[in-house]
Structures are given as C-alpha cells and as structure tokens.
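Please look over the structure shown here before reading the notes. They are meant for a reader who is new to this kind of description.

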Amino acid sequence: MPNLKPKRGRPATIDTDTAMQSVVELFRSKGFDAVSLDDLSDATGLSRPSLYRAFGNKLSMYIAAMDEFGTQVATTAVPALHAADDLETALTDFYAAMLSIYYRDSQVPPGCLVFGTAPSSADEVKIQSRLKFGLEQLDELMRLRILKSAPNSSANQIETAAHVASNTLVAFSARAKSGAPKKELVAMGAQTAKSITSLLKLERSAG
C-alpha cells in the first residue's frame, strides 16, 4: 500500500520582487495609515507570517516601498533629465517620465508614493526621515542639472530655479490625486521648464 502521508518539504519560495511591487502600488493608492495587514496580505497573496518573514512589520514594508519607488524613479525617469543637452527639453522630458509613473496603473489612483502619501504620516520618525531625504535628493538632482546648463548663473538664481523645478514635481502628485488629467500636467511641466530656462536666460537648442 502506498504511503499517503504528506511529505514535509521546504516552503514555497516567495517572489519578493513581485510582492514588493504589489506593496508599492497598495501604499501608493491608500497611504500608510489606511493600509491594513489584511490589505497587504490580499495584495501580495502572502499570509501574515510570510509577510513578516519577508519584509518585517507594516512600517518596515512602507519604508521598503518608499525606497523601491525611489529606485524606480532613478532608473526610469532620472535618465530623461540627462538625455538632452538643453535644460528646457531635459526638464520637460523628466516631468513627462515622472507623470508616466504617477499614472502608470489605471486601477490605482494617480500620484507619487513618496510625496503623495508620506507627508500625512510624517509623525512616524522613520517616514519623516525618508521624506526629508527624498526632498533633499530631489533638490540636489535639480540643482546639479541646472548648474550644468547655467554655470554662469548666480547661486541665488540656481537655488531659486532648483526649488521651482522640485516643487513643481511635488505639486504634480497632489494635482494628480485631485483628478487632473495627465495631459494637463504634462503641458504644465513643459511650461514650467520654459519658465525656468527663461529665468536663467537660457535658449532652447534647435531641433
């Protein structure tokens, strides 16, 4: 008679990359406070114990989601900021690339995981720290790119232009969540890019 007793084996391997993408989209949709462990379990298909083993507690999962979102931005949008020689085209293309991330899933309300949801949970020290770091990184990214195209501009002009460029991106998340269509924000990004280059008295390269 065959042995019908179930064999013990190694637990199924968790696809953490796929699970994390689900975590990112869930937090991007609902924010930190509104997401429950049951929501995370349903979104990833993992039990609570499996979630804890793979990612830690809910705060750890949110921080990891913020970092993953930042990695996605660094690999898909930041290159657009450096692809074009002239600043107006570079900023226009960067904003368009970021908006493609904000609007990438029709099942998820548009917006940014970091700038769109983290401020409402900034009382959490770790979230506040990551949010502050994200803003500082964005400012520095813009500052260096603008300085590259306008090396003769004053420090005050560079700083003002960098803040305008950064704050425009942050504002896009709120506008996206309020229902603004992507096309409208893409046009707004192009206009902001034009205004920044005008402020710095730069001309857009032909072609």
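The model is predicted. Its largest nonpolar core has 57 residues, and helix 6 gives the most to this core, with nine residues. Two packed helices are described by the angle between their axes and the distance between the axes.

- Helix 1 covers residues 16-30. Its 15 residues should span 21 Å at 1.5 Å a residue, and the end C-alpha atoms are 21 Å apart, so the two values agree.
- The buried residues of helix 1 are Ala19, Met20, Val23, Val24, Glu25, Leu26, Phe27 and Arg28. They pack against helix 2, helix 3, helix 4, helix 6, helix 7 and helix 9.
- The axes of helix 1 and helix 4 come within 9 Å of each other and cross at roughly 95°. Angles of 65 to 115 degrees count as roughly perpendicular, so helix 1 is roughly perpendicular to helix 4.
- On the helix 1 side, this contact is made by Met20, Gln21, Val23, Val24, Phe27 and Arg28. On the helix 4 side, it is made by Lys58, Met61, Tyr62, Ala64, Ala65, Glu68, Phe69 and Gln72.
- The residues of the contact of helix 1 with helix 4 divide into nine nonpolar, two polar and three charged.
- Gly31 follows helix 1, and its phi is positive, near 85°.

**Helix 2 and helix 3**

- The axes of helix 2 and helix 3 come within 10 Å and cross at roughly 85°. That angle makes helix 2 roughly perpendicular to helix 3.
- Leu37, Asp38, Leu40, Ser41 and Thr44 of helix 2 meet Arg48, Leu51 and Tyr52 of helix 3.
- The residues in this contact of helix 2 with helix 3 divide into four nonpolar, two polar and two charged.
- Leu46 is found in the loop between helix 2 (37-44) and helix 3 (48-55). Its relative accessibility is 12%, so Leu46 counts as buried.
- Leu46 and Lys182 are 136 residues apart along the chain, and their C-alpha atoms are separated by 33 Å.

**Helix 6 and helix 8**

- Helix 6 (residues 87-102) and helix 8 (residues 125-149) have axes that come within 10 Å and cross at roughly 155°. Angles over 145 degrees count as roughly antiparallel, so helix 6 is roughly antiparallel to helix 8.
- Leu87, Ala90, Leu91 and Phe94 of helix 6 meet Leu141, Met142, Arg145, Ile146 and Ser149 of helix 8.
- The residues of the contact of helix 6 with helix 8 divide into seven nonpolar, one polar and one charged.
- The 25 residues of helix 8 should span 36 Å at 1.5 Å a residue, and the end C-alpha atoms of helix 8 are 37 Å apart, which agrees.
- In helix 8, the residues Ile127, Leu131, Gly134, Leu138, Asp139, Met142, Arg145, Ile146 and Ser149 are buried.
- What covers these buried residues of helix 8 includes helix 4 (58-76), helix 5 (78-83), helix 6, helix 7 (113-117) and helix 9 (155-177).

**The nonpolar core**

- Within the largest nonpolar core, the residues with the most contacts inside it are Phe27, Leu40, Phe69, Leu91, Phe94 and Tyr102.
- Leaving out residues up to four places away in sequence, Phe94 touches Ala77, Val78, Ala80, Leu81, Leu141, Met142 and Leu169.

- Arg28 is found in helix 1. At 0% relative accessibility, Arg28 counts as buried.
- Arg28 and Gly111 are 83 residues apart in sequence, and they are 7.1 Å apart in space from C-alpha to C-alpha.
- Ser121 lies in the loop between helix 7 and helix 8. Its relative accessibility is 0%, so Ser121 counts as buried.
- Apart from residues up to four places away in sequence, Ser121 touches Phe32, Asp33 and Ile127.
- Asn156 is found in helix 9. At 57% relative accessibility, Asn156 counts as exposed.
- Asn156 and Ser22 are 134 residues apart along the chain, and their C-alpha atoms are separated by 42 Å.

Notes:
Residues numbered from 1 in each chain as written. Predicted model: local features only at pLDDT ≥ 70, side-chain atom pairs only at ≥ 80, totals over all residues. Heavy atoms only, no water. Axes fitted to C-alpha atoms, helices over the stretch in contact; angles between N-to-C directions. Helix = DSSP H or I, 4+ residues; strand = E, 2+ residues; numbered from the N terminus. Parallel < 35°, antiparallel > 145°, perpendicular 65-115°, else oblique. Contact = heavy atoms within 4.5 Å. Nonpolar A, V, L, I, M, F, W, Y, C, P; charged D, E, K, R; others polar. Core = buried A, V, L, I, M, F, W, Y, C linked by side-chain atoms within 4.5 Å. Buried < 20%, exposed > 50% of the residue type's maximum accessible area, 1.4 Å probe, protein only. Expected span 1.5 Å × (residues − 1).
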